Amino acid sequence: MVWFKNLILNPLIKSSSKSLLKTTPRPATKNFALFSLSHYYIFYTTDASSSSSSAATAAAVKQSSGLGPTAAGEKPRVVVLGSGWAGCRLLKDVDTSIYDVVCVSPRNHMVFTPLLASTCVGTLEFRSVAEPIGRIQPAISKEPGSYFFLANCTSVDADNHVVQCETVTDGLNTLNPWKFKISYDKLVIALGAEALTFGIQGVAENAIFLREVYHAQEIRRKLLLNLMLSDVPGISEEEKCRLLHCVVVGGGPTGVEFSGELSDFIKRDVHQRYAHVKNYIHVTLIEANEILSSFDDRLRRYATKQLMKSGVRLVRGIVKDVTPQKLILNDGTEVPYGLLVWSTGVGPSSFVKSLELPKSPGGRIGVDEWLRVPSVQDIFAIGDCSGYVESTGRPVLPALAQVAERQGKYLASLLNRLGKAGGGQANSAKDIELGDPFVYKHLGSMATLGRFKALVDLRQSKDAKGVSMAGFVSWFIWRSAYLTRVISWRNRFYVAVNWATTFVFGRDISRI
């Protein structure tokens with residue numbers, strides 16, 4: 001009944017607009033602000049006598065919209081690029097009575113990556129490993145000067161303390177990307193890293209990287225689709241074997257954990273619910289060297305034995321080429337697959353490489369002992385995108401969640417200390433004592449193998465002495481540790497309930 005509503009409202013609108021024209025004086029100037037709120041600025045010039053096109057107006061607004069510099073008397077602004085382990089830990093601990101915080105990220109949640117492999121096979125639900133940014137830092141939802149923007153940073157202007165951003169789009173039928181600028185007093189780059197493909201042709205087009213929730217969703221949908229397609233009458237034996245061959249490339253913790261979860265899913269659920277094709281499905285783990293190279297030798301041997309016992313085929317080789325239905329190893333061996341998961345480590349993203357900032361060995365953003373980017377003011381870098389510059393004499397830290405989290409915690413404390421000492425504003429912290437530099441102490445590594453088996457290695461380094469164990473007790477420690485590390489009580493409850501439900505009723509195999 002839209003036409004009826006317009007019929008009623010149009011006379012009222014016309015009459016009210018006439019009365020406004022009679023009582024409201026014409027602006028004395030041709031330059032005026034289209035939109036203005038506390039920190040936002042969107043200005044453009046118009047001429048009342050000329051009829052400019054809507055496209056030109058939109059372009060003018062788009063070009064100059066954003067968050068302007070903080071004024072005297074206002075709280076300084078900390079801009080955080082990224083919503084991973086490092087960025088979210090900083091957001092959680094930063095003192096919002098001192099700073100306004102602005103987070104810019106292409107996702108509005110943090111992913112609890114150690115449990116991500118469990119979501120691929122239905123052990124956990126996807127929402128159990130996703131923590132909304134607004135829950136991590138409530139000021140983003142409540143404070144007038146704090147915001148979260150679903151966007152990507154496209155450039156950093158260190159001289160003028162400005163970052164250029166562009167909103168995230170989803171598909172072809174959404175709005176065009178909106179470009180805007182944000183002025184900062186302190187900038188924290190926590191953009192993480194991207195999966196390494198080593199320039200191998202076909203990896204980006206055909207493989208799935210297990211790093212985000214949507215990656216786990218894609219793996220689950222493809223796995224269940226292949227299971228159902230292989231049960232269709234007329235499918236050849238060769239095609240069934242290909243569809244149900246799951247290949248994992250990379251023998252690090254992520255690849256091993258996913259292989260273990262997948263083999264457990266096959267034995268406990270697929271063999272019961274897909275009896276017609278249960279003999280065709282199998283898992284292959286391809287690694288160029290030794291699996292779990294950072295773990296103790298005894299633990300590596302135990303992991304190899306358990307994976308082979310659970311049906312995982314271990315292949316040592318280097319992938320040379322990837323096509324939509326098979327991959328080719330360096331010795332010429334062809335490996336057909338229906339699902340290909342790629343987990344061979346991470347490296348700096350193309351955006352991080354493009355930034356005109358000092359770099360550490362390997363292409364990460366270079367930082368000093370206090371996680372500051374040398375030679376520029378008020379810029380810090382933490383997490384997988386950062387590494388020590390050579391002048392510090394320190395090695396580049398591994399791309400681990402515990403490294404990123406501890407850096408975020410340290411930098412939040414440093415920024416709070418600067419803010420209390422009057423160094424929160426731009427270019428105001430030059431003469432302030434920063435305190436002790438960041439020191440990383442490795443707490444150990446853990447990995448699950450499925451079927452109530454896991455590894456716990458509490459040594460500080462590969463060559464150091466310490467506690468290392470494997471088996472059921474390690475699996476219990478693994479689950480207990482990660483349950484307590486989940487950020488919110490809400491998600492801890494979700495994880496505990498999911499684990500209990502899976503143990504009693506098995507995994508859900510619905511393809512939603």
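Let's start with Leu-262, which sits in helix H10, the stretch covering residues 253-273. Keep in mind that you're looking at a predicted model. Is Leu-262 buried or exposed? Its relative accessible area is 0%, and the cut-off for buried is under 20%, so Leu-262 counts as buried.

Who does Leu-262 touch? Leaving aside residues up to four places away in sequence, its contacts are Val-121, Leu-223, Cys-246 and Val-283. There's also Cys-120 to look at: 142 residues separate Cys-120 from Leu-262 along the sequence, yet their C-alpha atoms are 8.3 Å apart in space.

## The whole protein

Now zoom out. The protein has 512 residues, and 47% of them are buried. Its secondary structure includes 15 helices and 27 strands.

Next, find helix H3 (residues 85-93) and helix H13 (residues 401-420). These two pack with their axes 7 Å apart, at an angle of about 35°. The crossing of H3 and H13 is right-handed.

Which residues make the contact? On the H3 side you'll find Trp-85, Ala-86, Arg-89, Leu-90 and Asp-93. H13 brings Ala-401, Ala-404, Glu-405, Gly-408, Lys-409, Leu-411, Ala-412, Leu-415 and Asn-416.

Last stop: the surface. Phe-452, Phe-472, Val-473, Phe-476, Ile-477, Phe-503, Val-504 and Phe-505 together form a nonpolar patch of about 860 Å². Two elements each give two or more residues to this patch, namely helix H14 (472-485) and helix H15 (489-505). Which one gives the most? That's H14, with 4 residues.

One of the patch members is Phe-505, which belongs to helix H15. Is Phe-505 buried or exposed? Its relative accessible area is 64%, and exposed means over 50%, so Phe-505 counts as exposed.

Conventions. Residues numbered from 1 in each chain as written. Predicted model: local features only at pLDDT ≥ 70, side-chain atom pairs only at ≥ 80, totals over all residues. Heavy atoms only, no water. Patch = residues over 30% accessible without salt bridge, like charges linked within 9 Å, V, L, I, M, F, W, Y side chains within 5 Å. Areas by Shrake-Rupley, 256 points an atom, 1.4 Å probe, with all protein chains shown as cover. Salt bridge = Lys/Arg side-chain N within 4 Å of Asp/Glu carboxyl O. Buried < 20%, exposed > 50% of the residue type's maximum accessible area, 1.4 Å probe, protein only. Axes fitted to C-alpha atoms, helices over the stretch in contact; angles between N-to-C directions. Left-handed = near helix turned anticlockwise from the far one by under 90°. Contact = heavy atoms within 4.5 Å.
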